[in-house]
Amino acid sequence: MNYQQTIDYLYGQLPMFSKVGASALKNDLLNIRELCGILDHPETKFPSVHIAGTNGKGSTSHMLSAIFQQAGYKTGLYTSPHLHDFRERIRVNGVMIPEEDVIQFVQRMRSSMDTIQPSFFEVTVAMAFEYFAQQQVDIAIIETGLGGRLDSTNIITPILSLITNISYDHMNILGDTLPLIAAEKAGIIKPDVPVVISETQEEVVQVFKETADLRHSPIRFADQDWRITAHESSATLLKITVEDVLNKTSYPLVLDLPGHYQEKNILGVLSAVQILQQAGWKISTADLTTALSNVKQLTGLGGRWEVVKEHPYTVLDVGHNEAGIRAILEQLTLVSYKRLHIVIGFVKDKDVEAALKQLPADAIYYFTKAQIPRAMQETDLIQIAHAVGLQGNAYADVPAAYKAAQEQAAQDDMVLVCGSVFIVGEVPL
């Protein structure tokens, strides 16, 4: 098989959550353990940092990866889902896994895959662990896919766990209350392994404390370690001053990931780095500041308030649940534009009505769907949108919706694309 045939096989033969939803999930870690057993347990052959959370875990993973890269460490990064190319999920020092390695892995494991019948995600995780072991990375930053306790990545024993925040998402799988969702995320907390919680949230703080106590894991809440004393956000940068609460020293930081929502993520990153420095990892203040201002360049991160055009001002953002949309709306208040055009689509298992209710009624909407079975039909989406007072037209695919928005927007208008990673990934750039 060539690369395209290999990818077609992975997409076509394996159940894929991002396409079909909950039916692709396995409620145990048996398959991933079996796959990694066949590969001689690559997950044990490199140190790792494990990251979970509802929103912000992708940005946090990329920031930490950038910092380790800048400090001179050979750094593996596993994230999901991808925007444009499957290989975005598996990187070493920001460089995607070569096509040939993907082909060889699938060919080598195909008979085992036919026997075990793993999900797409399980195969991808095993591929990442195998690649990182082969590459002899100094450290790997591993982002969970969904939840934590039963996520395929959760067979690692990391040197540090980090949980970004908890909000309502995947409630049909993780539970319909914040404490239930938090309990699933807390599943990545390992015995005697320190854990950082980026944000102290009253409803779930006890879940994390009790889990950490049970597992004798030192726990830190990053927003109690640090506070932001000044911030200034522009279209492309976030400038902040952070103060170490304990010793009262302040640091100016510039992030190339704009958006106020990154302020919560950065605190978790700073606490994680502090713990790792104390454990012997050599990361200087210069490494930290340089890395944070070059995250996109170092790691290839896209889709987080990604400005792709100036006139009309066009932004792509993968925010897709209620909390993610709220963060986008906060960022919109910092931008000047005449009229707002929003290209939007969702997957069926989100609380779409709750997300839509937050959106501005005076924007012009282009309702659409990604080309995956899990996508909500644009005709269904427009009915829900009209019921909550949003106006616009429906389009059968993202390129048509995006084209219409670009044609109808004036030079001093703004076009925002959001609602799903898959919507952003199908924008024709």
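Valine 195 is found in strand β7 (residues 195-197). Helices (H or I, at least four residues) and strands (E, at least two) are DSSP runs, numbered from the N terminus. At 0% relative accessibility, valine 195 counts as buried. Buried means under 20% relative accessible area, exposed over 50%, and partly exposed in between (1.4 Å probe, protein chains only). Valine 195 and valine 427 are separated by 232 residues in sequence and by 37 Å in space, C-alpha to C-alpha.

The model is predicted: local features need pLDDT of at least 70, side-chain atom pairs count only at pLDDT 80 or more, and totals for chains, interfaces and linings use all residues. Residues are numbered from 1 along each chain as its sequence is written, and side-chain values use heavy atoms, with hydrogens and water left out.

The protein chain holds 18 helices and 17 strands. Of its 429 residues, 59% count as buried. Its C-alpha trace spans about 60 × 55 × 40 Å along the principal axes.

Three strands form an open sheet in the order β9-β10-β11, with antiparallel pairing. The edge strands, β9 (226-233) and β11 (250-255), each pair on one side only. Neighbouring strands of this sheet are turned by 20° against each other on average, direction ignored. Axes here are lines fitted to C-alpha atoms, for helices over the stretch in contact, and angles run from 0 to 180 degrees between N-to-C directions. Two strands pair if DSSP finds at least two bridges between them. Strand β10 (residues 238-244) is joined to β11 by six bridges. Leucine 238 has leucine 255 of β11 as its bridge partner.

Helix α11 (residues 262-278) has 17 residues. It reaches 24 Å from its first C-alpha to its last, close to the 24 Å expected at 1.5 Å a residue. The expected span is 1.5 Å times one less than the number of residues. Of the 17 residues of α11, 14 are buried, so the helix is largely enclosed by the rest of the structure. Glycine 280 follows α11 and has a positive phi, near 110°.

Eleven aromatic pairs are found in the whole structure. In phenylalanine 68 and tryptophan 281, the ring centres are 5.5 Å apart and the planes lie at 90°, so the pair is edge-to-face. Rings of Phe, Tyr and Trp (its six-membered ring) pair if their centres lie within 6.5 Å; planes under 30 degrees apart count as stacked, over 60 as edge-to-face and the rest as tilted. Phenylalanine 68 lies in helix α4 (residues 57-70) and tryptophan 281 in the loop between α11 and α12 (285-292), so the pair ties together parts 213 residues apart in sequence. Phenylalanine 68 is buried at 0% relative accessible area. Tryptophan 281 also counts as buried, at 16%.

Two backbone features lie in loops. A cis peptide bond joins serine 80 and proline 81, with omega about -10°. Proline 81 lies between β2 (75-78) and β3 (90-92). Aspartate 192 has a positive phi of about 65° although it is not a glycine. This aspartate 192 lies in the loop between α8 (178-185) and β7, and counts as exposed at 55% relative accessibility.
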